Amino acid sequence: MSDSVARRRGDAAISIRALTAQQDFEDAVQLQKEIWGFNDLELLPVRLFIVATKVGGQALGAFDGNRMIGFCLAIPGLKPGGGSYLHSHMLGVSHEYRDAGVGRLLKLKQREDALVRCIELVEWTFDPLEIKNAYFNMERLGAIVRRYVRNQYGTTTSPLHGGLPTDRCVAEWWIGTARVKAIVDGAASAARPQIVGRISVPADMAAIRREDPKRARQIQQEMSHHFEEYFGRGLAVIGVERSREAGVYLFGPWE
C-alpha cells in the first residue's frame, strides 16, 4: 500500500500509510490512551495490531511529519453462510487534529485498499448519541445502518462514554456502489428514497452526558426503542440532518 499525502496543517504534510513497524503499533496504543482515556485493560494491544496485518486486516496511521496523529484498525470478518468483509474496529484522531479531515482521509485509504482486494463491504459500530459521527458516516462516506446493538461492549472506563451502556449502530459501507463513489468524490449523490421515519438527538448530548446522566440514559432508551421499531419494519438509516438544536436520523427503504 503506497503512502498518500493528502492535506497540510501548518508547514507539515499529513500523510496516510500502513503501519508496519513495532514503534508504529506502540504509538497507536498510546493514542488510544490519549483519545479515550481507557484503563490499560481495555486498550487494544500491540499484538492485535500485528495479527490484523498478518491475517488480511488493516492497520493505517495518519502522520503529521513523523508524529502519528490518528490510526485505524480493521480485522477480517465472515458473514453467516459465507461472504467476507472488513470490520473497522477502531478509528481515532488526536484531539488537536479534530475537524481537520484526518478521519476521512483514513477511511478513504481504507476504502482504496479494500477495493484493490475486491472487498465490497466495510462495517463498523458507532454511538448513535454522537450525531457528529453519524453525520460523517452517512453524509460524508455514504454508509447506511440496518442494525442496532444494545450494550455492545459493556460499560467502559472511558469518560467519553459517560457510564452509559455502549449501545451501537452498525454502519454498512458498500464501498463499490455508485452512491458511495459519488459521495466520496464530492459529486451530487442520487436522490434519496422516500423518508418515512425520523429520530431526533439533542445537539448538546455531550453536555447532557456530563451534567444529567439520568436524562442521557432516558434519551438512549427511547432511541433504542425507535431504532429497533424502524429496523423491524425493514427500513434503514439512509441519511442524517444536523442543526444547532438537534441531529436527525432519516429512515427509508434500502435495496
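Q: How many of the 7 residues of strand E3 are buried?
A: This is a predicted model, and strand E3 runs over residues 58-64. Gln58, Leu60, Ala62 and Asp64 point one way from E3, whereas Ala59, Gly61 and Phe63 point the other way, and all are buried. E3 is therefore largely enclosed by the rest of the structure, and the buried count is 7 of the 7.

Q: Which residue of strand E4 is the bridge partner of glutamine 58?
A: Strand E4 covers residues 67-78 and pairs with E3 in the antiparallel sense over 7 bridges. The two strands form a hairpin with 2 residues between them. Within E4, glutamine 58 has as its bridge partner alanine 74.

Q: Which glycine in the turn between E3 and E4 has a positive phi?
A: E3 and E4 make a hairpin, with 2 residues between the strands. In that turn a positive phi of about 65 degrees belongs to glycine 65.

Q: How far apart are the end C-alpha atoms of helix H7?
A: Helix H7 has 20 residues, 213-232. At 1.5 Å a residue the helix should span 28 Å. The model agrees with this, because the distance between the end C-alpha atoms is 28 Å.

Q: What arc around the axis do the buried residues of H7 cover?
A: The buried residues of H7 are Ala216, Ile219, Gln220, Met223, Ser224, Phe227, Tyr230 and Phe231. They lie on the same side of H7, because the arc they cover is only 140 degrees.

Q: Which residues are exposed on the other side of H7?
A: The buried residues of H7 pack against several elements, including helix H6 (205-211) and strands E7 (144-149) and E10 (236-242). On the other side of the helix, the exposed residues are Lys214 and Gly232.

Q: What element gives the most residues to the largest nonpolar core?
A: The largest nonpolar core has 37 residues, of which Phe126, Trp173, Phe227, Tyr249 and Phe251 touch the most other members. With 6 residues, the element that gives the most to this core is H7.

Q: How many residues are in another core, which lies apart from the largest one?
A: In soluble globular proteins, nonpolar side chains tend to be buried together. Here another core lies apart from the largest one, with Ala28, Ile35, Ala59 and Leu73 among its members. Its size is 19 residues.

Q: How far is the sulfur of cysteine 72 from the nearest cysteine sulfur?
A: The structure holds 0 disulfides. Cysteine 72 is in no disulfide, and the nearest cysteine sulfur is that of cysteine 169. A disulfide would need the sulfur atoms within 2.5 Å, whereas this distance is 18 Å.

Q: Is cysteine 118 buried or exposed?
A: The closest cysteine sulfur to that of cysteine 118 is in cysteine 72, 20 Å away and therefore too far for a bond. Cysteine 72 counts as buried because its relative accessibility is 1%. For cysteine 118 the relative accessible area is 69%, and exposed means over 50%. Cysteine 118 is therefore exposed.

Q: Which residues does proline 193 touch, not counting residues up to four places away in sequence?
A: Proline 193 sits in the loop between helix H5 (178-184) and E9. With a relative accessible area of 31%, proline 193 is partly exposed. Not counting residues up to four places away in sequence, proline 193 touches Ile238 and Pro253.

Notes:
Residues are numbered from 1 along each chain as its sequence is written. This is a predicted model: local features need pLDDT of at least 70, side-chain atom pairs count only at pLDDT 80 or more; totals for chains, interfaces and linings use all residues. Side-chain values use heavy atoms; hydrogens and water are left out. Helices (H or I, at least four residues) and strands (E, at least two) are DSSP runs, numbered from the N terminus. The expected span of a helix is 1.5 Å times one less than its number of residues. Buried means under 20% relative accessible area, exposed over 50%, partly exposed in between (1.4 Å probe, protein chains only). The arc is that of the directions from the helix axis to the C-beta atoms. Contact means heavy atoms within 4.5 Å. Two strands pair if DSSP finds at least two bridges between them. A nonpolar core is a set of buried Ala, Val, Leu, Ile, Met, Phe, Trp, Tyr and Cys residues joined through side-chain atoms within 4.5 Å.
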